[in-house]
Amino acid sequence: MTAPGEAGGSFAAADAEITVELTLNGAPASFSAPARWTLADALREKLGATGTHLGCEHGVCGACTVLLDGEAVRACLVLAVQAEARAVETVEGLAADDELAPLQQAFHEHHALQCGFCTPGFLMAATALVRNEPDATSERIREALSGNLCRCTGYAPIVAAVRAVLDERAA
Amino acid sequence: MKPPPFAYARAESLEQALALLAEGGEDAKALAGGQSLVPALSFRLLRPTHLVDIDRVGGLDAVRGADGRLSLGALVRHATLARLQPSQSHRALRAAARAIGHDAIRVRGTLGGSLAHADPAAELPVVALALDAELVVASLEGRRSVAAADFFLGPFTTALAPGELLVEAVFPALPPGARTAFAEFAARAGDFALACVCVGVAPGWARIAVGGVGATPVRAQAAEAVLAGGGAGALQEAAATASRELEVYGDRAADQGYRRGLVQTLTRRALADALETA
């Protein structure tokens, strides 16, 4: 018997709490939220993963970028309930214990962040790129990151950091 | 802002989706990739009473080609279109998909969503109009086919009735030797088009459709006649004709004169692009 809002079921009433079970950074997680909550808000408010930032909340700035089944998406444009049974990765999952991931280390070394507000979004977009397109050209790096806005750095150091990680992998 | 409240159901099959849409009534909306619908909800421009989530419905994302005809399921993602190896005649579809937003948008956004949302500045409706796409609409009553020319009725308004779901777009085989192209201009890469043009040319046949300048995509039929007529200078003349014949609106992003100029330039570029391809 499926609950309202579960696949194949009937309508869940407006603002009824719907339970969502997903994988977050490799570990099982779950929360309950109304259908109108975005994944970005659920990650932050229900799962305490506040590394995913809210910039524009309408899909323009990329600050909320997370990975959904390995692909970079805007968490503010995914309803929380749409994450059911999916694998979500956020910036919190990049570092292993105390060791920064290569992209994080490269951002640090190349001064690819100042205020840091856009940084989690850029890191997740770059993670998808490095993982899925290891031979991306510099032009492709810019295209892949073009959906993320940064007010501080002027972008060049961000591109350089990603370039460095790709070059390191290729070496 | 945050989205307003709505009743929510997730469909596992097309049949279920249609039943849920019918149950949801007049103000029910289908949700697929959400790249157009969710921002509209967040701005509270739309307040559906019911949302039917079709994002995981199987069988609606097929890409099938035969004899020059291209059938695309409504859930085909823009990223898939952007990677198509189309027949020569349908390369405009790939170019248009590549112009949509950014990677994160293309991974989620769908062909059906873009067509059903009918944003006047969207790319795929222009291609659908230019290339005479037939749009397949399903409901509990069955299926019907709507020509692209009859589908886009106004800004964000289509021929879809309550309870109906766009399930497929069929791009017919084009005349022998046809070449297509797409050109767009936006303030920044990935922005909505200030104007965009899709063209198709073959001996004695021409299609020029323009988006972003009016309530719906429109065909520049006088320009098409100029082009189909052929002759030296037809390309330049067709581009000029297109910019003159169409009703073009202006706003703070681009005034009327600027958009007319865009229509001319983009038509010229798209035609040159189409005619240069081998």
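This note goes through the two chains, their interface and a few local features of a predicted model.

1. Conventions. Local features require pLDDT of at least 70 and side-chain atom pairs count only at pLDDT 80 or more, while totals for chains, interfaces and linings use all residues of this predicted model. Residues are numbered from 1 along each chain as its sequence is written, chains are lettered from A and ligands numbered from 1 in the order in which they are written, and side-chain values use heavy atoms, with hydrogens and water left out.

2. Chain A, elements and dimensions. Chain A has five helices and five strands, where helices (H or I, at least four residues) and strands (E, at least two) are DSSP runs numbered from the N terminus. Along the sequence the order is β-β-α-β-β-β-α-α-α-α. The radius of gyration (over C-alpha atoms) is judged by a globule rule of 2.2 Å times the number of residues to the power 0.38. For the 171 residues of chain A a compact globule would come near 16 Å, and the value of 17 Å agrees with that. Its C-alpha atoms fill a box of roughly 55 × 30 × 30 Å along the principal axes.

3. Of the 171 residues, 51% count as buried; buried means under 20% relative accessible area, exposed over 50%, and partly exposed in between, with a 1.4 Å probe and protein chains only. Contacts (heavy atoms within 4.5 Å) between residues 24 or more positions apart make up 54% of those in chain A with a separation of 6 or more. The 11 positive and 22 negative charges of chain A have mean positions 7 Å apart. Lys and Arg count as positive and Asp and Glu as negative, without His and the chain ends; each charge is placed at NZ of Lys, CZ of Arg, CG of Asp or CD of Glu.

4. Chain B. There are 11 helices and 14 strands in chain B. With 278 residues, a compact globule would have a radius of gyration near 19 Å, and the 18 Å of chain B agrees. The C-alpha trace spans about 60 × 45 × 30 Å along its principal axes. In chain B, 58% of the 278 residues count as buried. The mean positions of its 27 positive and 28 negative charges are 6 Å apart.

5. Interface. In all, 39 residues of chain A are in contact with 37 residues of chain B. The two chains bury about 3100 Å² between them, 56% of it on carbon and sulfur atoms; this is the accessible area (1.4 Å probe) that two parts lose on being put together, summed over both. On the chain B side, Tyr8(B), Arg10(B) and Arg56(B) lose the most area to chain A, together 20% of what that side buries.

6. Helix 4 of chain B. Six of the eight residues of this helix (residues 91-98) are buried, so it is largely enclosed by the rest of the structure. The buried residues include Arg91(B) and Arg94(B).

7. Positive phi. Tyr155(A) is not a glycine, yet has a positive phi of about 70°. This residue is in the loop between helix 4 (138-145) and helix 5 (156-170) of chain A and is partly exposed at 31% relative accessible area. Asp132(B), also not a glycine, has a positive phi of about 55° and lies in the loop between helix 7 (124-130) and strand 6 (134-139) of chain B.

8. Phe117(A). Phe117(A) is in the loop between helix 2 (102-109) and helix 3 (119-132) of chain A and counts as partly exposed at 40% relative accessibility. Leaving out residues up to four places away in sequence, Phe117(A) touches His53(A), Leu54(A), Gly55(A) and Ala63(A).
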